[in-house]
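User: I would like to go through the labels given to parts of this model and hear what each of them rests on. Could you set each value against its cut-off as we go?

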Amino acid sequence: MDRAAKETAGVPDTTECRDLMPYAVQPGEGRARRLYDEPESLARSPWQRDRDRVIHSSGFRRLQYKTQVFVNHEGDFFRTRLTHSLEVAQVARSMARFLKLDEDLTEAVALAHDLGHTPFGHAGEDALAAHMQEWGGFDHNTQALRQVMLKERRYLAFDGLNLTWETLEGLAKHNGPVKRPSARLLELDALFPLELSTYASAEAQVAALADDIAYHGHDLDDGVKSGLLSLDDLVDVPVVGEELFEVRKAAADLPSQDKRTLQRIRHEMVRRVIHKLVTDVLICTRERLQDLAPRHVEDIRAASGPVVAFHEPMAQANKGIRKFLFAHLYRHWRVNRMTHKARHVTAELFDTLTESPSLLPAEWQREAEGKDATGLRRVVADYVASMTDRYAMEEHRRLTDLSVAG
């Protein structure tokens, strides 16, 4: 519906007062098409609508009880996949506003990017990937697309959320062109071609960098809060150590060992690290855009490299933060113990249900009916991937513990 039609209908124009750059994805222009035709919303842009559909989806709600680093029962104040997604969306939206990109599309991609995650985070994904290796594979990025295109069952007219092409493109390519798409991704691309060989919009690229920035910030926070890391462990970590030094200097007059002082130092350090990473991305991206001089979003897609990026020194520092977290947090012996148990639970769920599909809940049995060996395993993988940490542990007990009712 064009602006005149909206004025006639007495509906606010959602494109008004948007000072977007010409290479941003433009409301009212571009593709903004959906796999299944639907009337356009009078009051919301296509990407506001996508964002709202993601937020109201069952997959999004389940992220509340899916692992980020710590399994759900380990503490109520550690991040989950849901709080992670919200923090990514907040960082991404702020960056998009500064760069004069479409904030709603950026937020939709950020909120949806983890919808394909299994219970127990990467431990659950690793277990499913190993068990599906000979049957088409498994990865959470493709599973997120499967979730929004096929697995959500909320509408009478179609399966999935029927999101716009731009949002789906962002989920498929937010980490760059897909050079070796899996068979599962090719199936989805055949259903709704997403031009996998090109870069995604600047909005999707912002969401990807916001993901990096957010999880580094909150994993440092949760690592120290859990006691697996100490502030002194961070003094030599790129960027983090520098900001910690400045915060400690600013807090010199506060009681040094007071619990509340240490909490304030931790929060201030994380806030400054995020600010420094975001600032570098914004400055570098603005420089790259000036060099490229794009006049349309298609110029962003056709570029020889990403337009949203860190400067090289900060990119190396960012890798240094990731390397530290892998060595000292994600592979901490206490985390390793939970990871080992999580992989075991996930693998045993998958094996039990593929060997005895009659143990699947009735609706999943109907979905598996008539499937060949590959199809059955895909249904079981979808079922296990949909579980929360809590549900996976309960289902494992129901299937393996005689004292627990089925």
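User: Why is A144 called buried?

Analyst: The model is a predicted one, and in it A144 has a relative accessibility of 1%. Buried means under 20%, so A144, at 1%, counts as buried. This residue lies in helix α7.

User: Which residues does A144 touch, leaving out those up to four places away in sequence?

Analyst: With that exclusion, A144 touches A112, H113, L115 and G116, where contact means heavy atoms within 4.5 Å. As for A342, which is 198 residues apart from A144 along the chain, the C-alpha atoms of the two are separated by 21 Å.

User: What makes helix α5 largely enclosed by the rest of the structure?

Analyst: Helix α5 covers residues 103-112, and ten of its ten residues are buried, so the helix is described as largely enclosed by the rest of the structure. The buried residues include the charged-class E103, D104 and E107, as well as L105, V109 and L111. Among the elements that cover them are α4, α7 (140-151) and α10 (202-226). At the start of α5, a side-chain oxygen of D102 comes to within 3.1 Å of the backbone nitrogen of D104.

User: How do you know that R81 counts as buried, and where does it lie?

Analyst: R81 lies in helix α4, residues 81-99. Its relative accessibility is 4%, and because the cut-off for buried is under 20%, R81 counts as buried.

User: What joins the side chains of R81 and D114?

Analyst: The side chains of R81 and D114 are joined by a polar contact of 3.0 Å, a value to be set against the limit of within 3.5 Å for such a pair of N or O atoms.

User: Why is α15 called oblique to α17?

Analyst: The axes of α15 (residues 333-355) and α17 (residues 373-386) come within 10 Å and cross at roughly 140 degrees. Roughly antiparallel would require an angle over 145, and roughly perpendicular covers 65 to 115, so α15 is oblique to α17. The crossing of these two helices is right-handed.

User: Which residues make the contact of α15 with α17, and how do they divide by class?

Analyst: On the α15 side the contact is made by T346, L349, F350, L353 and T354, while α17 brings in L376, R377, V380, A381, Y383 and V384. By class, the contact has eight nonpolar, two polar and one charged residues.

Note on methods
Residues are numbered from 1 along each chain as its sequence is written. This is a predicted model: local features need pLDDT of at least 70, side-chain atom pairs count only at pLDDT 80 or more; totals for chains, interfaces and linings use all residues. Side-chain values use heavy atoms; hydrogens and water are left out. Axes are lines fitted to C-alpha atoms, for helices over the stretch in contact, and angles run from 0 to 180 degrees between N-to-C directions. Helices (H or I, at least four residues) and strands (E, at least two) are DSSP runs, numbered from the N terminus. Angles under 35 degrees count as roughly parallel, over 145 as roughly antiparallel, 65 to 115 as roughly perpendicular and the rest as oblique. A crossing is left-handed if the near helix is turned anticlockwise from the far one by less than a right angle, and right-handed if clockwise. Buried means under 20% relative accessible area, exposed over 50%, partly exposed in between (1.4 Å probe, protein chains only). A polar contact is a pair of N or O atoms within 3.5 Å; within protein, one must be able to donate a hydrogen and the other to accept it, and residues adjacent in sequence count only if both atoms are side-chain atoms.
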